[in-house]
Amino acid sequence: MPDVLLEGRDLTKHYPVKKGLLQRTVGWVRAVDGISFTVERGKTLSLVGESGAGKTTTAKAVLLQEKPTSGTILFEGKDLSHFSSSQLKTEYRPRLGSVQQNPWSSMDPRMKVRDIVAEPLVVNTKQTKLQTQSRVSELMEQVGLNPEQAENYPHEFSGGQRQRIAVARAMALNPSLVVLDEPVSALDVSIRAQIMNLLKDLQEQYNLSYLVIAHNLATVRYMSHTVAIMYLGQIVESGEAEELFMRPLHPYTRALISASLLTLPEDEDKGVEKIILTGEMPSPLNPPSGCRFHTRCTEAMPECSQTVPPLRDVGGGHRVACNKV
């Protein structure tokens, strides 16, 4: 049996749309609409999809930055909704770390790096100043930076170095799970591999679990053990990373993979499929009936506009929600 660290069951997050002087609720934005997922201990799950798919909202729910409308989040088998505020503060939040997308805006420019990295320790522990300084030096070394650089300010570092600082801060409390929201998308291509290798090394060394929010499929394929493809608040395909990339079944997954690859002239001669999606993702305020992807799908059938396809297992844990599969 897999060792599941985090599990989401039928997770939903709807935002009310209010109008008028009395602020009456006239509709709901279905940002996340009934998704289930698991993150195994020491493994990486990546949530993939276009902007507006619900990836970041899911991450915010895991980080307790948003309260789910319905559904359950379990950590080590325990339902977080049953935790008191005190339990969340002492038993859950310290087990989490997060690294945001933009290393230029995720840090207070007025704080020295030592204080940025030490902040989780100061808030959550009762260490002495000397113990905190020692831990900051240790963390700086772990992410490949000179401990003496902790006396500098964020603007004195490059983008890649700042992201290393963000990783050090996320690791301060020895977390079990780290949420990575587009961790390398704001970095130069030459630096991305360095940060991804650092994250993989830390995962192996400390048996970390990662929940990755990303749209770059090259990053996802390199980092992930399992992948879930999201469209308009729902998971349309999920499975082991290599299986999903080698045998994508949902038309949306195939379109994403197709768009991520450069088609060479010799590939065109071989008949390599190039899928181009038309139109924009519909509004989560009024999603299409039936399969939500049918308005952009090149393989849509008449029943796709009426029948909601269930996310079903097609073998080996590979799951897909498509009426045609």
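Author: Buried means under 20% relative accessible area, exposed means over 50%, and partly exposed lies in between (1.4 Å probe, protein chains only). This is a predicted model: local features need pLDDT of at least 70, side-chain atom pairs count only at pLDDT 80 or more, and totals for chains, interfaces and linings use all residues. Residues are numbered from 1 along each chain as its sequence is written, and side-chain values use heavy atoms, with hydrogens and water left out.

Reader: How many salt bridges does the structure hold?

Author: Side chains of opposite charge can pair when their charged atoms come close. A salt bridge here is a side-chain nitrogen of Lys or Arg within 4 Å of a carboxyl oxygen of Asp or Glu. The number of such pairs in the structure is 17.

Reader: How many residues apart are Arg41 and Asp3?

Author: Arg41 and Asp3 form a salt bridge, their closest N and O atoms 2.9 Å apart. Arg41 sits in the loop between strands E2 (24–40) and E3 (44–48), while Asp3 is in the segment before strand E1 (4–19). Strands (E, at least two residues) and helices (H or I, at least four) are DSSP runs, numbered from the N terminus. The pair links distant parts of the chain, and the separation is 38 residues.

Reader: Which residues are linked with Asp3 and Arg41 in a network of salt bridges?

Author: Asp3 and Arg41 pair with each other. Their network also takes in Glu76 and Arg95.

Reader: Which strand holds Asp33, the partner of Arg292?

Author: Arg292 and Asp33 meet in a salt bridge, 2.4 Å from N to O. The two lie 259 residues apart, with Arg292 in the loop between helix H10 (265–269) and strand E11 (312–313), and Asp33 in strand E2.

Reader: What is the relative accessible area of Asp33?

Author: Arg292 counts as buried, at 10% relative accessibility. Asp33 is buried too. Its relative accessible area is 15%.

Reader: Where is Glu299, the partner of Lys324?

Author: The side chains of Lys324 and Glu299 meet in a salt bridge at 3.6 Å, N to O. Lys324 follows strand E12 (319–320), 25 residues from Glu299, which lies in the loop between H10 and E11.

Reader: How many residues of helix H1 are buried?

Author: Helix H1 covers residues 55–62 and is mostly covered. Its buried residues include Lys55, Thr57 and Val62.
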